[in-house]
Amino acid sequence: MYAVQIGAGKIGRGFIGQLLYQSGFHTTFVDVDEALVALLNSHPSYRLDLVHDFKECLEIGDYDALHVSEQEAVTTAIARADWVSTSVGASHLASLAPLLAAGIDRRRKAHARPLNILLCENTMQGQSVLDEGIRAVLPEATLPYYDDQVALLNTFTGRMAPSPLEAELTVDPLRLIVEPCNLLYYDVDAVRGEMPVVQHVTPKPNFDRYMKEKLFVHMMGHSITGYLGHHLGYRYVWQ
């Protein structure tokens, strides 16, 4: 099985990459950071530390990496993928439209199976924003295929991934530190065809409810902690 993960940051590698690796996928990471892409391609694996009552160290492998400027290679990767997901930040999501549109157009020409693109972003508008961008650049002949065979799925990602300290990155620039939560829900009502089986990736109906719960209840605790910490002049939660 073959996956494309657009965005090789803390969630892209520190969550989605782990789930895909443990589910038997080869993953192509796509990113804007040339140095990160070079590092990934020069290392067969990267270290992932899961921190809870104890620290669990994982090695994540079976991947390669592409820079977003490698348009032909990225298009080919999307065209043959069984799984495509994004984790680039909500404000950058619309910029992915040309890359995804090129891959979708090639899938149509190859009569490829349906594709579900999982948007692992903290936003309720991701689906509509990216859909508008793709439609604006997709060839007219591909629009019926897109409507019938491609879905953009909003997701609920439950994992937090703090930034490693500079001293830690100096020793190991690919190392990531994350919490162990494996919660990843997706909007099952929007799915096209069959979803590939990936560990801990769970279908949920009435998906808006779960997104609102995350954004307005789950993240409320984070916000309150941040506001109080700022008011008290603290830099770290442990203070």
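I began with H1, which has 13 residues and reaches 17 Å from its first C-alpha to its last, close to the 18 Å expected at 1.5 Å a residue. I was working from a predicted model.

I then looked for a bend in H1 and found a kink of about 35°, centred on Ile 16. After the helix I noted Gly 24, which follows H1 and has a positive phi near 90°.

Next I checked burial. H1 is mostly covered, with 10 of its 13 residues buried. I listed the buried residues as Ile 11, Gly 12, Arg 13, Gly 14, Phe 15, Ile 16, Gly 17, Gln 18, Leu 19 and Leu 20. Ile 16, where the kink is centred, is one of these buried residues.

I picked out Gly 12, which lies in helix H1 (residues 10-22). Gly 12 counts as buried because its relative accessibility is 1%, and the cut-off for buried is under 20%.

What does Gly 12 touch, leaving aside its neighbours within four places in sequence? I found it in contact with Gln 5, Gly 7, Gly 17, Phe 29 and Ser 87. I also looked up Ser 85, which is 73 residues from Gly 12 along the chain; their C-alpha atoms are separated by 8.5 Å.

Last, I turned to helix H3 (residues 71-80), where Val 74, Thr 75, Ala 77, Ile 78 and Ala 79 are buried. I noted that the cover over these buried residues includes strands S1 (2-6), S2 (26-31), S5 (63-67) and S6 (83-86), along with helix H4 (97-109).

How values were computed
Residues numbered from 1 in each chain as written. Predicted model: local features only at pLDDT ≥ 70, side-chain atom pairs only at ≥ 80, totals over all residues. Heavy atoms only, no water. Buried < 20%, exposed > 50% of the residue type's maximum accessible area, 1.4 Å probe, protein only. Helix = DSSP H or I, 4+ residues; strand = E, 2+ residues; numbered from the N terminus. Contact = heavy atoms within 4.5 Å. Expected span 1.5 Å × (residues − 1). Bend = angle between axes of the 7 residues up to and from the residue.
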